[in-house]
Amino acid sequence: MATTNEYTPSTATGRLANFVDTRVGASTIVKEFGRKIFPDHWSFMFGEVALYTFVLLLLSGTFLTFFFDPSMAHVVYEGSYVPLKGIGMSTAMASTLDISFDVRGGLFMRQVHHWSALLFVASLSVHMLRVFFTGAFRRPRELNWVVGGVLLIMGLAAGFTGYSLPDDLLSGNGLRIIDGVMKALPVVGTYLSMFFFGGEFPGEHVIPRLYSLHIMIVPAVIILLLVIHLFMVVTHKHTQYPGPGRTNDNVVGFPVGPVYAAKAGGFFFIVFGIVAFISGIFQINPVWNYGPYDPSPVSAGTQPDWYIGFVDGALRLMPGVLGDFSFVWNIPFPWGDNSLVLSVLLPALVPAGALFTVMFAWPWIERWVTKDNREHHLLDRPRNAPFRTAMGAAGVVFYCVMWAAASSDLIATHFHVALNDVTYWLRALFFVGPLVAFWLTRRICLSLQRKDREIVLHGREAGIIQMSPEGGFSEKHEEVDVYKRYLLTNFNDNQYIPAQPDAAGHISRKEKRRAKISKFFFEDRVAPVTPSELAAAKAAHGHHEVEGEKQDSIEK
Amino acid sequence: MGDHSHGSPENSGTVAKADDVAQDRFPDPGLPPHRPRLADRDPRAAKRHERQVALLFTISIIGTLFFFVSYFVLGHLGDMTFAELRVQNAALGLGTAFAMLGIGVGIVHWAKTLMPDHELVESRHEIRTEADRQDAVEIVDTIIEESGIKRRPLIRNSLIGAIALAPIPAIFMFRDLERSGKTAGEMVEQLRHTMWDTGVRLTRDPSGTPIKASDVQIGSAFHVIPEGLNEAEDVLNEKAKAVVLLMRMDPQEMNISEGREDWNVDGIVAYSKICTHVGCPIALYEQHTHHLLCPCHQSTFDLANECKVVFGPAGHALPQLPIMVDAEGYLVARSDFHEPVGPAYWERGQ
């Protein structure tokens with residue numbers, strides 16, 4: 001089938017573009033994405049930071065692989081760092097020192113890599129908090145929430161496998177802790193440790209193994225999940241914050257070309273610039289100070305990288321013995337005693353397990369309790385979902401107590417308090433903290449919602465003090481404009497749904513439980529102002545007064 | 001309803017009851033009117049922004065040049081002092097930072113001040129339309145039908161069996177991750193033994209010089225390795241189990257349990273240095289309280305009570321190394337440890 005008038009471009013660029021277009025159909029791609037609308041909000045940038053720090057990790061990490069040798073073979077260091085000259089160490093440690101001291105810019109690249117890793121996990125975490133607190137995980141985005149959660153776990157895995165590679169004293173002690181935790185696992189633990197280390201700890205196999213995980217498997221999984229994650233973002237279109245003109249059926253924002261591409265693309269360079277600045281100025285992981293790994297010495301005040309801190313803190317909080325009761329249980333079996341090491345198992349597995357289980361299951365928990373299976377493309381302002389915000393705050397406090405516990409010794413030395421007291425307080429906070437956080441956050445959310453009501457019903461404080469003829473002072477209140485009013489009144493207020501009978505007329509036990517939780521979550525709630533309420537408020541105070549023309553003060 | 005401040009915790013007046021669903025809502029007023037920026041109205045402001053963006057890009061160029069200067073002029077290969085390295089690292093960082101921030105801030109400034117800031121509206125589409133679903137179901141049915149997998153259960157079931165079995169070798173392939181070739185029993189058993197044996201001298205870590213009983217004063221602590229460790233085949237593996245802390249206490253202050261009476265030499269005692277929690281070396285000895293403290297997770301052991309746990313996450317006491325004095329007055333081990341050192345594990349038992 002001959003085309004009579006095939007398009008022929010006139011410029012060189014046009015000819016190149018046309019060549020590609022006629023081979024891959026680029027026009028359709030440009031049509032789809034060229035002016036695709038993305039909503040704009042500063043809190044949407046955390047995910048971008050995660051993506052960009054990951055790119056930095058790939059760039060700096062590739063550079064490092066050209067010089068790093070993950071072997072654990074014993075060598076005597078002969079590089080240019082004088083204090084360690086003649087000291088025996090593994091090849092991995094020696095090549096790390098070579099990267100730092102004998103490759104120009106090598107130290108800078110190491111620092112970029114380490115700082116990017118810390119920022120990568122931090123931005124992933126904050127991004128997930130943003131998604132949680134705004135309710136962006138609701139239908140249809142539940143699966144993307146799960147993908148994000150797995151990405152966070154893979155981020156931790158990447159950090160952990162990379163942290164140990166230099167084979168320095170600090171990371172070696174980290175591995176020793178991993179060995180101890182592995183051995184605590186019942187039945188399989190001892191073998192798991194032997195397989196992992198290739199024999200007894202530390203052996204000479206673990207660093208190369210961690211290396212292949214760190215530079216191949218883990219990044220490959222991250223890239224795969226990242227593609228799935230972004231693909232789903234495109235499929236769903238981005239969520240947007242509520243406000244005038246923004247509905248569940250539209251997307252309001254800037255087109256990819258040119259504004260969004262420019263902002264997002266420019267932001268990559270900003271993230272790069274900030275990481276480069278930090279890496280140039282602030283020293284991180286000076287392995288030459290720690291020295292090579294040796295099972296005997298350890299430095300006081302050791303700290304893991306921040307994202308492992310919560311597990312390390314949990315390990316510290318757990319008491320090993322209470323009086324004469326030991327949390328290492330020796331269970332008699334016909335073939336002899338076996339040990340169940342609860343003093344390690346409980347803190348290593350239970351808090352992190354609970355945290356991630358609730359996190360992954362939350363979209364379904366919320367859907368079950370609220371019976372809300374609608375699609376949500378408009379985000380919640382956190383105050384307008386007090387139950388969820390309170391649960392999130394409880395989770396954050398739970399995490400942060402464990403995190404703080406990882407620095408219990410530093411807290412004790414910096415604030416001149418007894419180490420034991422710090423631990424006792426943190427143990428108490430571990431249980432009480434989340435409850436207090438839940439209660440307090442919910443009350444704060446409800447109060448903020450009431451404040452929103454007040455602003456709608458009585459106007460905002462204008463900051464203008466008026467004196468009445470009688471000499472009384474009052475502040476003028478001004479009615480908010482329709483746009484602000486729409487923002488303050490247009491939210492989805494979840495309500496208590498009592499137990500519903502099923503088709504056969506029975507109320508199942510599960511349904512009763514759901515009703516109980518629903519009651520707990522939604523019994524206290526603040527409804528949005530309705531037009532009739534506003535009319536009533538105006539009538540009660542006199543219309544002109546809401547306009548702010550009369551000197552009467554608003555009753556507080 | 002307007003006066004909402006007179007409520008009680010149970011009924012605040014504003015907290016709506018679950019059953020009164022708010023039917024009436026304020027209508028959506030639509031997008032707020034667009035406010036023109038300075039550059040939209042004033043060509044001079046636009047020109048100024050243009051110059052600012054160009055200046056930022058120029059800063060980036062200077063940053064890149066600065067990077068080259070730092071790389072070639074500040075840095076040289078071989079025998080750089082640590083101070084020189086620090087300066088070079090900072091300079092490389094600043095050069096890169098300016099190079100990148102210049103581009104990034106420039107582009108964002110350009111986008112915010114000179115590109116259109118009109119928000120556009122696009123409508124969302126159904127994620128899955130009903131027509132598509134029906135088409136897809138039909139396609140899947142056709143595929144299943146044409147493959148015949150439902151009609152021929154023999155094929156299906158034997159395939160399931162084959163696929164279930166096929167990956168199992170891949171798991172067994174990993175058996176030799178443990179490189180020593182030991183049997184399962186040997187793997188577990190080796191955790192019970194260290195280099196210590198009857199007559200093995202206690203030597204200083206790391207020099208390996210032997211220790212005389214008379215060298216050990218009350219209050220002092222020695223980091224100890226077994227004699228011959230530095231010549232051992234797997235130095236680190238042996239060291240990870242065999243390191244010992246040697247201290248001397250007033251024998252009057254020690255509670256010695258039955259069977260351990262001859263494990264010390266005039267109050268000189270030796271305990272495993274590997275924490276029974278998760279295996280960190282216990283590096284801190286507090287002389288006054290005679291407590292040993294692990295710096296990793298703060299497990300605290302009481303030397304006066306045979307290193308029983310007094311605080312922290314460790315679940316059992318530090319193993320004691322029985323010691324004695326040989327003919328030349330050097331401290332030697334009476335035997336190996338009587339229990340496995342280090343963290344507890346499933347097969348450890350009592």
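**View 1. Strand 4 (residues 250-255) of chain A pairs with strand 1 of chain B in the antiparallel sense, over 4 bridges.** This is a predicted model, in which local features need pLDDT of at least 70 and side-chain atom pairs count only at pLDDT 80 or more, whereas totals for chains, interfaces and linings use all residues. Residues are numbered from 1 along each chain as its sequence is written, and chains are lettered from A and ligands numbered from 1 in the order in which they are written. Within strand 1 of chain B, B:V121 is the bridge partner of A:V252. Pairing requires at least two DSSP bridges between the strands; strands (E, at least two residues) and helices (H or I, at least four) are DSSP runs numbered from the N terminus.

**View 2. The contact between the chains takes 113 residues from chain A and 92 residues from chain B.** Two residues are in contact if their C-beta atoms, placed from the backbone, lie within 7 Å. On the side of chain B that touches chain A, the elements giving two or more residues are helix 3 (82-113), strand 1 (120-123), helix 7 (184-189), helix 8 (235-242) and strand 9 (308-311) of chain B. Helix 3 of chain B supplies the largest share of that side, 17 residues. The residues of this side divide into 53 nonpolar (Ala, Val, Leu, Ile, Met, Phe, Trp, Tyr, Cys and Pro), 25 polar (the others, Gly among them) and 14 charged (Asp, Glu, Lys and Arg).

**View 3. A:G34 occupies the loop between helix 2 (26-33) and strand 1 (37-38) of chain A.** Leaving aside residues up to four places away in sequence, A:G34 touches A:V256 and A:G257. The C-alpha atoms of A:G34 and A:P255 are 7.4 Å apart, although the two residues are 221 residues apart in sequence.

**View 4. The largest nonpolar core has 187 residues.** Such a core is a set of buried Ala, Val, Leu, Ile, Met, Phe, Trp, Tyr and Cys residues joined through C-beta atoms within 7 Å. The residues with the most contacts inside the largest core are B:L202, B:V244, B:L246 and B:A270. Beyond four places in sequence, B:A270 touches B:L202, B:V224, B:V244, B:L246, B:Q320, B:L321 and B:I323. A second, separate core of 6 residues includes A:L457, A:L488, A:L534 and A:A537.

Methods:
Buried ≥ 20, exposed ≤ 12 C-beta atoms within 10 Å, placed from the backbone.
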